[in-house]
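Here are some notes to read beside the model, taken one point at a time.

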Amino acid sequence: MANIFAVTNQKGGVGKTTTCVNLAASLVATKRKVLLIDLDPQGNATMGSGVDKYSCEVSVCDLLLGEASFDEVVRKTDPAGYDILPANAELTSAEVHLLQQGNGGLSLKTALSENQSKYDFILIDCPPSLNMLTVNALTAARGVIIPVQCEYYALEGLSSLIQTIEQISESINPDLQVEGLLRTMFDPRNSLTRDVSAQLTEHFGDKVYNTVIPRNVRLAEAPSHGLPVLAYDEKSKGSLAYLALAGELTRKNKKKKVTA
Ligand SMILES: Nc1ncnc2c1ncn2[C@@H]1O[C@H](COP(=O)(O)OP(=O)(O)O)[C@@H](O)[C@H]1O
Ligand SMILES: [Mg+2]
């Protein structure tokens, strides 16, 4: 069984996609086999991985609707080296179809069942809402990684997210847990950042990762080249931070590597 993590926060612009792409690349750099699932119709993780969302004839949408197989949809990223299930605007229509199906929340879990054993880690990049696509991610996942930008309203949405996670773990997916909260775009010189960070630790204790992701311009530039920061500027602070996160995640989730 792969470690399947949904990277979720219904707030937009908190660093979900940046975390998915760069954590995936960093886990590959530590010799893990990784699948990244783009579950956001914006397709930012797809483009940021160097896959052109406009030229994908099949995408994760077709997989969720049972119209294409895993092998038909999966692509290898280059040079990062992880596999990706790409997404584009078509995924919006999948959301509507899944809502109409009685068991539409199980679609991703079912699609992964035969393929997850090929991977050490599977990361799911969620859309910025608690919709049917996010429910699919939380149903398939074992853990939730919550990127949090340490700013004034950061804590506000967290309680409804935690509630949703609890509802899903009490009903359809008892294995689901919060894997960790990740402080992103961190600026230690800013007193608000320090205050919100202290509140997070107070509320969530050791669920808050020790690793913080600094605000780093290289992280913001890399996606326009279709690259993870590790391939764009491997010595940048952003690159080192995501490598550290990969280390922290791996230590927390010790598991035998997939061989062959
Ligand atoms: N640590 C960071 N430092 C600088 N810019 C960042 C950082 N993390 C994310 N960004 C930028 O902030 C914006 C939002 O990040 P993104 O990962 O797309 O958020 P989300 O997926 O949650 O909407 C993007 O333009 C991204 O390049
Ligand atoms: Mg995103």
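1. A salt bridge is counted where a side-chain nitrogen of Lys or Arg lies within 4 Å of a carboxyl oxygen of Asp or Glu. The model is a predicted one, and by this criterion it holds seven salt bridges. The points below take up some of them, and then turn to a pair of helices.

2. The side chains of Arg218 and Glu221 form one such salt bridge, with nitrogen and oxygen 2.7 Å apart. Both residues belong to helix 10, which covers residues 217–221, and because they are three residues apart there, about one helical turn separates them. Arg218 is partly exposed, its relative accessible area being 29%, and Glu221, with a relative accessibility of 26%, is also counted as partly exposed.

3. Arg218 also forms a salt bridge with Asp233, where the closest N and O atoms are 2.8 Å apart. This pair links distant parts of the chain, since Arg218 is in helix 10 while Asp233, 15 residues away, is in the loop between helix 11 (229–232) and helix 12. Taken together, Arg218, Glu221 and Asp233 are linked in a network of salt bridges.

4. Which residue forms a salt bridge with Lys76? The partner is Asp83, and the closest N and O atoms of the pair are 3.4 Å apart. Buried means under 20% relative accessible area and exposed means over 50%, so Asp83, at 15%, counts as buried, whereas Lys76, at 59%, counts as exposed.

5. The packing of two helices is described by the angle between their axes and by the distance between those axes. For helix 1 (residues 16–29) and helix 12 (residues 237–252), the angle is about 70 degrees and the axes are 8 Å apart. Angles of 65 to 115 degrees count as roughly perpendicular, and helix 1 and helix 12 are therefore described as roughly perpendicular to each other.

6. Which residues meet where helix 1 packs against helix 12? Helix 1 contributes Thr18, Thr19, Asn22, Leu23, Ser26, Leu27 and Ala29, and these meet Tyr242, Leu243, Leu245, Ala246, Leu249 and Thr250 of helix 12. Sorted by kind, the residues of this contact comprise eight nonpolar and five polar ones, with no charged residue among them.

Definitions and conventions
Residues are numbered from 1 along each chain as its sequence is written. Chains are lettered from A and ligands numbered from 1 in the order in which they are written. This is a predicted model: local features need pLDDT of at least 70, side-chain atom pairs count only at pLDDT 80 or more; totals for chains, interfaces and linings use all residues. Side-chain values use heavy atoms; hydrogens and water are left out. Axes are lines fitted to C-alpha atoms, for helices over the stretch in contact, and angles run from 0 to 180 degrees between N-to-C directions. Helices (H or I, at least four residues) and strands (E, at least two) are DSSP runs, numbered from the N terminus. Angles under 35 degrees count as roughly parallel, over 145 as roughly antiparallel, 65 to 115 as roughly perpendicular and the rest as oblique. Contact means heavy atoms within 4.5 Å. Ala, Val, Leu, Ile, Met, Phe, Trp, Tyr, Cys and Pro count as nonpolar, Asp, Glu, Lys and Arg as charged, and the others, Gly among them, as polar. Buried means under 20% relative accessible area, exposed over 50%, partly exposed in between (1.4 Å probe, protein chains only).
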